[in-house]
Amino acid sequence: MKALTTGFITRYEQELASVKRKAGNSLTTGDLNLLQAWFKALLNARESNKDATRLVVILHDFEQFEPPVMQDLFEICSLAIPCLPLVFILSLPSPPSPSYIHMTYPRRTLSLLQIRNCSLPSSNEVLHDILLKTFFDVNFEPELMIGPVAIDFIVDFFGRHSTSIDGLTTILQLIHMKHCEEPLTVFLSDEHLGSSPSILCEPASFGFLNSLFSRVCNSRDTNHAAEWLNASIEGVLTAVRTARDVFKTRAKLLRVAFQVLLLIRQFMVSKGYKLDETLPEIMCGAIRGRLQNTMKYTCTMVKKLRTEQLDELLPKLCDFFTPLSNEVKEAEEKIISRVDAALSVTLDEARTVAEPLSDWLLEYFQERIVSLEDSLLWDIWYTGSTPFPADMLNPSVRASILAGLLRPQDFYASNSIAGHDSRDRGDEELDDEDEDELLIRMPDTSILFQRYLESGKMINVYDWFESFAVVLEAQRRNQRSKSRTLRENHPPTPKTPRTPRTPRASRTPSRRGRASNKHQSNGRGDDDADDDPRAEDEEETEEQLENWRMEVQARFIRALHELDYVGFIKHTGRKPDHVIRTVLDTPMPE
């Protein structure tokens, strides 16, 4: 209710800025009386009738809302319907028959609603319209042009898995995030080119600057290699800015030629011609520069048009070029003049124009619809054939679990069990270690899983525990040796000596003798401990050993339950002390 009320009030607060609420008469934001008062003020400010105004509430992906919550919302809003003309638009991706609303909500809730069904265009039509108006529109210039691989994935995901607009938005976001992992994409926006010289002069940017120099120099003519050896940072940034302008102009003219081709094909379809290619296939072929067969077939159809059909097509082409910007008109002046010349021909000579018009269009398409990868530094503003990171959108749970168990050092920064910081150890150093040394640095679940891989289909739990305990004992010895080395390298700071106490005279000789003997034995033990630092570590009481055995059992049970939770073991009733492996084709760690 709060979101419903504040959504309307905050949206039109500028229009009602003169209307002030009294502090003593304020209502809570979740009260519909506040929305009623706001609606009356809105009608008075607009001087409009209540019957001509509707309050529209859009609920996207209506299936995701909890039915009990929506029942309460509809019931509360129904009480205010005479004063608040609320209209709810429910977006339902589910099929219309059987209806989700009638199957989920009771009759009492449905009686409060006046339901009207509205059919929207198919999912493919919506997707095609979105792609045309974003990446292939002549009046919109995207910062990043997606490649054919991304378009193929979007079409496949939208048609096979989900038709949600939120899913499409997530895919486009992932495409941009994956593309921006490359360092050179810092020049994706033109604003970054003006503030870069001062940053590139810093020593930390020299590696990036070298890669940028190599890309620009290798892409230029070899005759100018000596010139670029003495080039400044500003000169390289100027070359990047020029490359960006050239790429943007080339992509814009490609979109214009693509729209001309699409206009002719739509005209052919309206006249009864059959075309096999789908719109996504034409999009991918256009940005790849591989539409030769489609362009030739389209121009051949133009050559075969009748006089009345040609008179209908030419005005459409003229109307398409008319609203374009002056910059585009100057670049396309040649084809525009030819279309105007064909349109000015009399009706008797119109038949003779079809053949040269077909040749003009074919020449125009071959000049404009070329691959974007031929431009300098194209991979900054164009994704190309980069594969889509499908694992980020729909990750493989099984592969992720196995990777985490086999190589846990890739998923955490520090190993608390081994007592060392693995961030100081590179992957090459970890790979050079032997299997036993690497095993003791793993967490308990990974240790148990390694022993799991070495067993057969049936696993004896006691043997499994014994092999697990051996590794933990090695971990313990490793920790003790490192602690002892640390104490030897960093001895403790000596304490300030205290004034010795004067022994009391009332102590009996027997007690004094026992105390002196005890002091002598303690002194001798301390001297021995100072001479042999291993004595303190090696001597353990029975209680400490028992606590260690209990800790090993507890850690084994916990790791065993974690493997059981993810489904790696199955209990059997034939042998109570055995379990069955459920995963047999697990790859061994390299």
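**Cavities and a sheet**

Modeller: A search of the whole structure, which is a predicted model, finds two cavities of 30 Å³ or more.

Colleague: Which residues line the second largest cavity, and how many of them are charged?

Modeller: The second largest cavity has a volume of about 40 Å³. Its lining consists of Glu-141, Pro-142, Met-145, Phe-247, Lys-248, Ala-251 and Arg-255. Four of these residues are nonpolar and none is polar, while the number of charged residues is three.

Colleague: In what order do the three strands of the open sheet lie?

Modeller: Strand E3 (residues 458-460) is joined to strand E5 (residues 578-581) by three bridges, with Asn-460 opposite His-578. Three bridges also join strand E4 (residues 569-571) to E5, where His-571 faces Val-579 and Lys-570 stands opposite Ile-580. The pairing is antiparallel, and the order is E3-E5-E4.

Colleague: Why is one side of E3 and of E4 left without a neighbour in the sheet?

Modeller: The three strands form an open sheet in the order E3-E5-E4. Because E3 and E4 each have a single partner strand, one side of each is left without a neighbour, and both stand at the edges.

Colleague: Which helix packs on the sheet, and what angle does its direction make with that of E3?

Modeller: Neighbouring strands of this sheet are turned by 40° against each other on average, direction ignored. The helix touching E3, E4 and E5 is H25 (residues 461-489), and its direction makes with that of E3 an angle of about 65°.

Notes. Residues numbered from 1 in each chain as written. Predicted model: local features only at pLDDT ≥ 70, side-chain atom pairs only at ≥ 80, totals over all residues. Heavy atoms only, no water. 1 Å grid on protein atoms, 1.4 Å probe; cavity = no way out; pocket = protein on both sides within 12 Å on 5 of 7 lines; lining within 4 Å. Points joined across faces, edges and corners; volume = space filled by probe spheres on them. Nonpolar A, V, L, I, M, F, W, Y, C, P; charged D, E, K, R; others polar. Pairing = 2+ DSSP bridges. Helix = DSSP H or I, 4+ residues; strand = E, 2+ residues; numbered from the N terminus. Axes fitted to C-alpha atoms, helices over the stretch in contact; angles between N-to-C directions. Contact = heavy atoms within 4.5 Å.
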